[in-house]
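Have the viewer open and follow along.

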Amino acid sequence: MMESDIIVIENLSYIYPKREKPAIKNINLSIKKGEFVTIMGPTGAGKTTLCYAMVGLAPQFFEEGKMEGNVFVKGMSTREYAVQEICTVAGLVFQDFENQIFGITVEDDVSYGPIFLGFDHDEIQRRVKKALSSVRLDGYEKRTVYTLSGGETQRLAIADVLAMEPEIIILDEPTSQLDPVGKEEVFQTLEYLRKNTNTTIVLVEHKSEEVAKFSDRILVMNNGEIVLDGPPRKIFERVDELLSIGVRPPQVCELFSILRKKGLKFDTFPITLEEAIDVLSKKLIQRKTLEDIQNAPVKEPSKNTSSEEPIIEVKGLWHTYPGGIDALKGVSFNVNRGEFLAIIGPNGSGKSTLLKHFNGLLKPTKGDVFVDGVNTKDTTTGKLAKKVGLVFQNPDYQLFAKSVKEEIEYGLKNIKLPKDEIDVRIKEAIEFTGLKGYEEKHPLLLKKDERQRVAFASIIAMTPEIIVVDEPTTGQDFKGSELMMQMLTKLNRMGKTIIVVTHDIRLVARYADRIIILFKGEIVADGPTRHIFSKYYETLQNIYLSPPQITQLARMLTQYGIRQDVLKVDEMAEEIIKLMGVQ
Amino acid sequence: MVFLEYIPGDSFFHKLDIRSKLLWFITINVLAFLFWDPFYVGIVLLSVVLAGIIAQVPYQRFGMLMNGLLIPMVFVVGYEALAYPGQNTLFYLIPKLWSFGPYGRVTLEGLLVGLTFLFRLLIMVFSSSIFTLTTPLDHFLGFLQKIRAPYQLGFMIAVAVRFIPTLQREAWAIIDAQKARGAEMEASRGFLTTIKMYVPIFLPMIINGIRRSDTLAMAMITRGFGARKWKPLKSIKITKIDLLFMPICLAILFAGIYLWSLGYGKIVFWGG
C-alpha cells in the first residue's frame, strides 16, 4: 500500500442478500490522493455497488450480504470502521438525487451532516457557508428544497457531502436525471472542485465527451469486473471494444476509429473536440474563407417524405396553470401522419405541458388541439388512449401488476377489448419489445431498463396511431437508449406517428425527421432536422442544447470544405475521406 | 394542506413565541369549555375571529374551514335542540296528529346548548388554525427540544414534512400515467370498483416509498446519523412582547375561572 493511495481495494467481491450472482467480483484498485477517476459501464455492471463498497454501505447497510476481500479508505477497513466514521473521509452523492435530501430548507439540509457529527454552532455555520459557496448556492439558504430545479437539487446534494469535509467525493451518475442546463451546472461544479481543492473525485458517468475533458483515469466495468483501467486516451482509443461492452466513446473517437480503419494516418488519437479540430485542420487544405461561409445561402428545406395529412393539429394553444403561470403561449403546428418528430427545449419550456395536451390530460386554456379530427375538449383521456399512447419517463410511476402479462392487460381492459383480442395483443407487444419469457415475471423484480420496456409494451399493446414518449432515454445506458430508439424507428416504419420529447440531442440528430424547439412556452424553430441543426446552431447553443459533437466538428471545419449540416459520425467520415482523397 | 402549513408574515402573532401562542390557545379553549351560555362563548369566538384578523389569516382560509364544517355544524345544533332535556318547548318537528305524536320536541335550552357547541367547534378549529398558520415548523421543533422530547421525534416530523410535496407530485404523475392507459378515474361505480380503481395508484406509491426510504436511510448514515450524540439547532426565544402578552393571557384565564366559580355563564333557565 502506497502512502499516497487513499482508497485501496483488494480482491473485492460482493453478493447482495438473497442473490446468488456477485454484483462485483475480483476488484483490485488503488486510487491516489487528488486523482479524478471516472467509472463507466453499462447498467448492471456493478458501478453503484462499487460506490457503496467504497464508503462501507456494502457490507454494512445490507444485512446478510456476502463480502470477500477488503476495502481500505485512508487506511480504515470498511469491515472495522462504521459508515458514520468513514463518511468523514469519503462522501457519496447518490444516483437518486432527490431522495437523499431530507432537510426542509437548503440550510437545514446542509447542516444535518455537521449536526450529526456533533459540531458546535459556529463550526456548523462555517461548513454550511463554505459548502454552499463551493456549489454556487449562496443566497439559497432559506429556500425550501422542493422549489429547486433539478440542477440546483443535485448541487445541494453535493454541498451536503462537502459539508462533511471529506477527502474523497464519490458521485454516482450525478447528471443522468438532469436536463442540459443541470448537467452543465454539475460539470462546472466538478471542474471547480478539481481545480480549487485537493479532493479526490470518483465519478460514475456516461457522458464520455465531458469525461474525456477532465478525467485523469477511466475505469470501465462490465459484469461486475473492471475490464479496462487507464488514462482517457488509452481507453477511448478502443472504440470497438467499448461499443461492444455498451459504453459510448466520444463521437470524435468514433470518427477517428473509422478513419484509421480506412487507412488514414494521424499522429495522435484525439479525444476532445479541440484536439480533433487541431488534428484535422493540419491535414485538410483550406478551401473557403470565413466570408464565403458566412455569405453562403442556407438551403431551404426540401419537403419530407411523410404524408401531408395532419393527424394532430395544434391551433393557438395557450395553457395557463392555476396561479397564473403561462406554460404555453399561442403554440400552433401540425403533426403529419407517419412523422418522427422531436420536441426539444430546456426544462420549463413547456414541453411536458404540450405533450399532455395530445391525449387530453390537460385541456387548452385558449385555442384547440385536434387529434385525428376530434377536438380534445370534446372527449376524454380514456377515449383518446386508443389513439394516442403516452409513455412517461419513469416506469415506476405506472407499474403495479403481479406479472408482466397483467401489466400489459390493464390498459387493454380499460379500453374494453374482448378477451381473445387482449391475448393476441399481449403476445404481440411482448414479442415486439423483446420481453419473451418474462410474461409471468413480476415487473418490479426486473431491472430498470426492462421495467421501461414493460411500460412501453403496455402502451403499444393498445395499438395507438400516435406514440408520444417523454424522455425515452433518460437514466438508460447506451444499449438501452439504442434499443428504445430502434423500437420507435420500427414503429415509425410501420406507419405510426412518433413524437419524442428529449434532451438527448445526439439521438434527435440520428432518428428524428423533424424538430420543434420550444422555449419559454413558444416555438422558436420548427423544421427538418438537418435544417434546424445548421440554421439554428447558435440558438441551440444559447439554450444549452448544443448540437452533437460531430456536428460541432463539421461546423468548425467548413472552411476546409466540409458540409456544415453533418449529423452522424459516418457522414463526417465520408466527408473527410472524400476531401483527403482529392488532396 | 391545512395541517402544519405556515403562512409567512410579520403580524403580532408571527412575532409571538410559540409558548405564548400555546398559552393563548389554552386560555381560549378553557374559557370556551367553562361557560355554557352562548353569549359568553360567543364573546370568546369573537375574540378568536379578531385574533385571526390580527394574525392576517386570509379570510378565504376561514371560508374553506367553514365549508368543510357545514355538515357537523348543522348536526351539532340539530341534535342538541332535539335531545337536550329542556323545559321551554318551542315547537315540535312532527305535530300531534290524532293519537300519533307529537315527536321531535325542540326546546329553547336545547337550541342554546346547540349554539354553544357550535361556537366551541368554531373556536377550536379557528384557534388551532391561527396557531399553526403563524408558527413555522422550526418553532415546533425548538419547542419539542425545550420540553426535552427525544430529538429523533422532531427530526422525524421534519423529514416527514419535507417529503409531503414530493409525494403530492408523485401522486399526480402516477394518476396521469394511468389515465394515459385508459383508466377512467372520475367514474364511480360502487365501493369495490372504486377501490379496485385506486390500486394502480396506491401500489406504485407504496413501492416508490420503499425505494425512497432505502436511499434516505443510506443518505442519513453516510452523513453520520447515529455516530455521536447530537442536538438539534432550532432554538426559540421569549421576547418583550411575550413578557407582556403572557401575563395578560393568564389574567384573562383566571378572571374567567373566577367568574365561572361565581356561577356566571350558565344557562339561566336550567332545569329538567
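Predicted model: local features only at pLDDT ≥ 70, side-chain atom pairs only at ≥ 80, totals over all residues.

Begin where the two chains meet: 51 residues of chain A are in contact with 42 residues of chain B. On the chain A side, the elements that each supply at least two residues include α4 (106–116), α5 (121–134), α16 (404–414) and α18 (448–460). The biggest giver is α4(A), with five residues. Sort the residues on this side of chain A by type and you get 29 nonpolar, 16 polar and six charged.

Now hop over to chain B and find helix α3, residues 38–54. Which residues of α3(B) are buried? They are B:Pro38, B:Tyr40, B:Val41, B:Val44, B:Leu45, B:Val48, B:Ala51 and B:Gly52. These cover an arc of only 165° around the axis, which means they sit on the same side of α3(B). Among the things covering them are α2 (18–34), α4 (59–83) and α5 (108–133) of chain B. Just past the helix, B:Gln56 takes a positive phi of about 55°.

Back in chain A, look at helix α7, residues 180–196. This helix has 17 residues and reaches 24 Å from first C-alpha to last, close to the 24 Å expected. Its buried residues are A:Pro180, A:Gly182, A:Lys183, A:Glu185, A:Val186, A:Thr189 and A:Leu190. The cover over them includes α6 (150–162) and β8 (200–204) of chain A.

Finally, the backbone details. Most residues other than glycine have a negative phi, and most peptide bonds are trans. With that in mind, check A:Glu165, which has a positive phi of about 50° and lies in the loop between α6 and β7 (168–172) of chain A. A:Glu165 counts as partly exposed because it has 16 C-beta neighbours inside 10 Å. A:Asn223 also has a positive phi of about 50°, this time in the loop between β9 (217–222) and β10 (225–230) of chain A. The last stop is the peptide bond from A:Ala58 to A:Pro59, which is cis with omega near 15°; A:Pro59 itself is in helix α2 (residues 57–60) of chain A.

Key:
Residues numbered from 1 in each chain as written. Chains lettered and ligands numbered in written order. Helix = DSSP H or I, 4+ residues; strand = E, 2+ residues; numbered from the N terminus. Expected span 1.5 Å × (residues − 1). Buried ≥ 20, exposed ≤ 12 C-beta atoms within 10 Å, placed from the backbone. Arc of directions from axis to C-beta. Contact = placed C-beta atoms within 7 Å. Nonpolar A, V, L, I, M, F, W, Y, C, P; charged D, E, K, R; others polar.
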